[in-house]
Amino acid sequence: MGLFLLILVGYAFIFTGSVFGKSYLFEVPVWEKGCLSLSFSILLDNVSMIFVGTVLLISGSVATYCKWYMAEELYYSRFMKLVWLFVMSMMLMILVPNLVMLLIGWDGLGLTSFLLVAYYQNNKSLSAAMLTALTNRIGDVLVLFSVSIFLSEGGWLIYTYHPVQTWVNLGFMVVFAGMTKSAQMPFCAWLPAAMAAPTPVSSLVHSSTLVTAGVYLVLRSFYIISSDPFAMQMLMFLSLFTLVLAGSSAVFVFDLKKVIALSTLSQLSLMMFSISIFLPFVSFFHLVTHAVFKALLFLGAGGLIHMNQSIQDVRSLSSLWQKLPVSMGAMSVAIVSLSGAPFMSGFFSKDLIIELSMMDSSVTYGCYLLELLGLIFTSFYSARIVFSVMLGSNYTNNNILRTHEHWHMQAPFLSLGMGAVLLGVVLSSKVEVFSFLVVLESWEMLMIFLIPFVGLILWWKLLSSLASSPWLLVKTSGFFMSMWFMESLTSHPVKTSFFKGSGVVFQTLDQGWLELLGPQGVYVGLAKISYANEIIQKNYFTYQLAVWGLVMGGALVLTIFM
């Protein structure tokens, strides 16, 4: 009952925020010294209220889902405590505009995500958790640098803040800090690796909250980064590159959760691209709608994986529409919304980004082509999920008996499915900053409309060409499954340098000077003293007799000659 109320409160926050026209800043002084002061601040406006409602909606749905999915786990209560700690950190991240206090939520997200990814405590999950933590620590360092720059401002308010002075590196640092959390190039390797976490964690953390925290920080700091043209151009280039990279890789990956993770990565890139062309509120619109339907897609995928002996390979999953009709219905709603089908939530936000980018004269034709290519890949891998997992057939899994789907599984599908269908039209009609006048040529509108169909045609053509050329299939799939070798180029050199550095330190200090001056040196010194003492003890009688003879001889000589 409590989780059901949490879902209702989430929807209440979203709809209240959609008609909320004022901004309130609450401050409680904590420390003052001269012209500097530190206070605990809370910012309430339409953006923060809508995002808080989205987090509450998804966390309530995921917690309900966990009662079925994690029911047999021995440490279920500990797992849920980590989930609620993560939600609390996300709330601090959303509501606190003070850069110093924001670090509590920012670091809390990194710590709890590390613990949640490492929950299963095997080699794969632990290595993925370490990669996630190290990448996020880069963003933490950049936020700390931003805090040091803000010392000259006399305050630390960063959300919707106009800086007094123009700082050359501040926008660059904020953008890169957001890119580490949102897994943009060159930090894109950790998000697919983090799919080693339990599926409810992937639904909450890696689709709608942690990965969107970077986007949220960048769009809230838009007045700071918009004054740095180089940061905006860099953000545009890297987001488009990540969009095409993630979309093309999702076409060839066989792990279902990784396909959805790469889909999340491509949509995050679209949000970052929207910010780079000075459309922060449109980016936030897509952030909210994407969070809801992507959480729904993850939960649907988790259900079919859980009921098929934890099989995640799409080649071993088939005809699941007959076996799991409710789960497949939920996934269908999410996929249709993801593809931008008319009248779904994804249509109102995603197509708005495409249309406004076409109206922007600063966007070059090359950027248009990269954007359209990345969006074509969206319908490409969406069709792959539908025709291989839901409707396809193979010789591995021919069980078509319907399986009972628990109401703890169906209730989240209903709560998130409503958002995936209705949230876009409600927010676009209620929130003034989400309303834009779009003026395009008829051929441009037709091109946007045909994007999903082009993806379907390319999917069919590519299947035919690769089936006729096995050698091309092996070479092509190897390139794209490694994310254009970006995993090796970005994560492996860092890990290798750390291992080599630790080896040098180990040889120089642990087995070098510290051993020589410490235990090993003491051991060698005591060994020498012991050896000398052993020789003395061994020849003690001989030495004593010789000394006695010398004494007696000397005494005899003295007696005779004296």
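## Contacts and overall make-up

Two residues are in contact when they have heavy atoms within 4.5 Å. In this predicted model, residues 24 or more positions apart account for 80% of the protein's contacts with a separation of 6 or more. The secondary structure comes to 23 helices and two strands; these are DSSP runs, with helices being H or I of at least four residues and strands being E of at least two, numbered from the N terminus.

Residues are numbered from 1 along each chain as its sequence is written. Because the model is predicted, local features need pLDDT of at least 70 and side-chain atom pairs count only at pLDDT 80 or more, while totals for chains, interfaces and linings use all residues; side-chain values use heavy atoms, with hydrogens and water left out.

## Surface and burial

The protein exposes about 26000 Å², and carbon and sulfur atoms supply 71% of that area. Accessible areas come from the Shrake-Rupley method with a 1.4 Å probe, and for residues only the protein chains shown count as cover.

Of the 562 residues, 53% count as buried. Buried means under 20% relative accessible area, exposed means over 50%, and partly exposed lies in between (1.4 Å probe, protein chains only).

## Nonpolar cores

A nonpolar core is a set of buried Ala, Val, Leu, Ile, Met, Phe, Trp, Tyr and Cys residues joined through side-chain atoms within 4.5 Å. The largest one has 158 residues, and Phe79, Met93, Leu256, Ile275, Phe284 and Leu304 touch the most other members. Helix H12 (residues 280–306) gives this core its largest share, 16 residues.

## Helix H10

Helix H10 covers residues 229–252, which makes 24 residues. From first C-alpha to last it reaches 36 Å, close to the 34 Å expected at 1.5 Å a residue; the expected span is 1.5 Å times one less than the number of residues. Of its 24 residues, 19 are buried, so H10 is largely enclosed by the rest of the structure.

His290 lies in helix H12. His290 counts as buried because its relative accessibility is 0%. Not counting residues up to four places away in sequence, His290 touches Ser207, Thr264, Gln267 and Met271.

Met331 belongs to helix H14 (residues 325–338). Its relative accessibility is 0%, so Met331 counts as buried. Leaving aside neighbours within four places in sequence, Met331 is in contact with Leu297, Gly300, Ala301, Leu304, Ile385 and Met390. Gly300 is 31 residues from Met331 in sequence, but the two are 5.5 Å apart in space, C-alpha to C-alpha.
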